[in-house]
Amino acid sequence: MSFGEMDITKYLLRIGFNHPTEPTLEVLRSLHSFHLLAVPFENLTLHCGGRLSPDLHAVYDKIVNQRRGGLCYENNGLFSWLLSKLGFEVTILSGQVKNAITGCYGPPFDHLISMVSLKGRRWLCDVGFGSAGFSVPLSLDAWGEPQTTGQRVYRVREEGDQRFLEWRGEPGQVTDGEWKGIYKFTLEPRMRDNFTAMCDYHQSSPSSIFFCKSVCTLLKPDGRLTLVGSTLTTTTFRTDESAFKTSGRTLTDEEIPVVLVKMFGVVLPSPLITKDEDVLPPSVEY
């Protein structure tokens, strides 16, 4: 399959986008939000006996034709291709995710993200991070000022050539205004092939959450649905100051495929072996 055979119209239908596609900031923000609401962040192929591939042709077939989701290498990789085809100026960047166990940042190419340059301004796009992700692009020219997207507040702090994406967490959880790191990155352009080794790492290392846990999460207009192992968590956005409302329950093996279809729109090609094991600290710190 050539890039020309990857149907842009079909891709836009997949994410429910039926609007003008001129390369403007309004269109970029809309595409970003529509993508997050339609395409799950998930690694279920890995726990169905398959392998994840950052190859654009394979990712297009998976996300558009099979109506699945993927990890950052898949979701952001394909989204960056779409933006380029629509006339946006896109640069692929390498992110290093902050490890929840060690508090240190991961290795280069740990996370694939995109920068869009538009009328002299730069925007960070990320439709492949999961629950801590932002719903619309963040400005890279805000000089560390807070940026509110939906229910959350973020900032992109600069330190030398490094940019640090940080947030104040969920309402009610970080009442003292403490900024917490999500990932760091530079603006050095990267190639898609640069991420192949780390994509393999996340499918085989006991220090990767994606190897240790089966994950599927999807943004909703009023919250988020998350399935980790056999535990389904429903988060509902609230308009008052009492934070998000969260509820969870354990699903049976029989319920899981039904929930995946009805709530996430995911039909798996083979049985899912749910997994929710502890993640080991990585042996190398960055």
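Mentor: We start with one pair, keeping in mind that this is a predicted model. Glu188 and Arg190 are joined through their side chains by a salt bridge, with an N to O distance of 3.4 Å. Some salt bridges share partners, and one network formed in this way holds Arg155, Arg157, Glu159 and Glu166.

Trainee: How exposed is Glu188?

Mentor: Glu188 has a relative accessible area of 43%, so the residue is partly exposed.

Trainee: How many salt bridges are there by this rule?

Mentor: The count is 11 salt bridges. One of them links Glu159 to Arg157, with 2.9 Å between the closest N and O atoms.

Trainee: Which residue forms a salt bridge with Glu158?

Mentor: The partner of Glu158 is Arg163, and their closest N and O atoms are 3.7 Å apart. A salt bridge is counted within 4 Å, so a distance of 3.7 Å qualifies. Here the two residues fall into separate accessibility classes: Glu158 is partly exposed, with 33% relative accessibility, whereas Arg163 is buried, with a relative accessible area of 11%.

Trainee: Which polar atoms lie around the side chain of Thr217?

Mentor: A polar atom of the Thr217 side chain is 3.1 Å from the backbone oxygen of Leu225. The side chains of Thr217 and Thr226 are also joined by a polar contact of 2.9 Å.

Trainee: With which residues is Thr217 in contact, leaving aside its neighbours within four places in sequence?

Mentor: Those contacts are Pro40, Phe41, Gly130, Arg224, Leu225, Thr226 and Phe264. Leu225 and Thr226, already named for their polar atoms, are therefore part of this list too.

Trainee: Last, pockets. What is the volume of the second largest pocket?

Mentor: The volume of the second largest pocket is about 180 Å³. To read a pocket, look at its lining as well as its volume. In this case 13 residues form the lining, and those nearest the centre are Ile256, Pro257, Leu268, Pro271 and Leu272.

Trainee: How does the lining of the second largest pocket divide by class?

Mentor: The lining of the second largest pocket comprises 10 nonpolar, 2 polar and 1 charged residues.

Notes: Residues numbered from 1 in each chain as written. Predicted model: local features only at pLDDT ≥ 70, side-chain atom pairs only at ≥ 80, totals over all residues. Heavy atoms only, no water. Buried < 20%, exposed > 50% of the residue type's maximum accessible area, 1.4 Å probe, protein only. Polar contact = N/O pair within 3.5 Å; in protein donor to acceptor, adjacent residues only side chain to side chain. Contact = heavy atoms within 4.5 Å. 1 Å grid on protein atoms, 1.4 Å probe; cavity = no way out; pocket = protein on both sides within 12 Å on 5 of 7 lines; lining within 4 Å. Points joined across faces, edges and corners; volume = space filled by probe spheres on them. Nonpolar A, V, L, I, M, F, W, Y, C, P; charged D, E, K, R; others polar.
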